[in-house]
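Good morning, and thank you for the time. I would like to walk through the aromatic side chains and the nonpolar cores of the following model.

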Amino acid sequence: MKKLVSRIFSLGVLCGLMALVACGGNTSKKTSSTEETRTEAQSVMSVDDLLKALSATEGESLVGKTVTFEGVCTHTCKHGARKIFLMGSDDTQTIRVESGELGHFDPQCVNHVVKITGKVEEQRVDESYLTQWEQQAATQTAENHGKGEAGCDAEKNARQETGNTTAERIAAFRERIAARKASEGKDYLSFYFVTAESYEIE
């Protein structure tokens with residue numbers, strides 16, 4: 001009888017230890033899951049952070065890389081919503097996002113936070129680009145965005161433009177190109193944008 005009681009007691013202790021070990025295992029799984037969620041949240045950049053990375057000297061190294069970021073959509077292109085503009089902390093922190101193979105964006109994006117995953121691309125504005133723009137303006141074959149010569153405000157914010165006519169905008173670009181050539185030896189301006197692979201309205 002004493003042996004039976006002793007065995008039952010030993011089994012109880014063993015079961016208790018197994019339960020503690022099992023609980024400990026679950027706790028570590030929860031921690032692991034929490035860490036994964038935290039890592040995922042940290043990998044979503046703000047518009048400000050993305051623009052800061054792109055304006056740094058290593059900005060060119062991000063071209064072709066996939067990024068995930070979010071911001072408030074301030075505008076969709078009136079030509080089929082093929083472009084949207086996301087704003088960060090203010091309207092000087094704006095980036096253009098193109099729809100690419102997605103075709104177009106949902107107009108419901110406007111005034112909502114939108115999360116984008118896509119590839120960074122670079123548009124270069126040089127003398128050849130400006131000469132072609134002048135010729136198109138002279139023959140009135142340039143595609144118009146926004147209101148008349150002033151252009152699309154969202155596009156201008158993304159490129160930090162201040163001119164109100166085509167001539168003023170082109171002249172300002174020439175000044176900026178000359179300044180960059182003098183300081184960096186590059187005779188073009190780099191404007192980065194993202195071609196979306198997926199997006200989510202939050």
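Let me begin with burial: a residue is called buried under 20% relative accessible area, exposed over 50%, and partly exposed in between, with a 1.4 Å probe and protein chains only. The model is a predicted one, in which local features need pLDDT of at least 70, side-chain atom pairs count only at pLDDT 80 or more, and totals for chains, interfaces and linings use all residues. Residues are numbered from 1 along each chain as its sequence is written, and side-chain values use heavy atoms, with hydrogens and water left out.

I turn to the ring pairs. Rings of Phe, Tyr and Trp (its six-membered ring) pair if their centres lie within 6.5 Å; planes under 30 degrees apart are stacked, over 60 edge-to-face, and the rest tilted. By this rule there are four aromatic pairs. One of them is Phe-105 with Tyr-199, edge-to-face at 5.1 Å centre to centre and 65 degrees between the planes. Phe-105 belongs to the loop between β4 (94-98) and β5 (113-125) and Tyr-199 to strand β6 (residues 189-201), so this pair ties together parts 94 residues apart in sequence. Helices (H or I, at least four residues) and strands (E, at least two) are DSSP runs, numbered from the N terminus. Phe-105 is buried, at 0% relative accessibility, whereas Tyr-199 is partly exposed at 28%.

A tilted pair is formed by Trp-133 and Phe-173, with 6.1 Å between centres and 55 degrees between planes. Here helix α3 (residues 127-139) supplies Trp-133 and helix α5 (residues 166-184) supplies Phe-173, 40 residues apart. Both count as buried, Trp-133 at 13% and Phe-173 at 1%. Ring pairs also join these two with Tyr-129 and Phe-191 in a cluster.

Next, the cores. A nonpolar core is a set of buried Ala, Val, Leu, Ile, Met, Phe, Trp, Tyr and Cys residues joined through side-chain atoms within 4.5 Å. Which residues touch the most other members of the largest core? Among its 19 residues, they are Phe-69, Leu-86, Ile-95, Val-97, Ile-116 and Val-194. Helix α2 (47-55) gives the largest share of this core, four residues. Taking contact as heavy atoms within 4.5 Å, and leaving aside neighbours within four places in sequence, Ile-116 is in contact with residues including Phe-105 and Tyr-199. A second, separate core of eight residues includes Val-125, Trp-133, Ile-177 and Phe-191.
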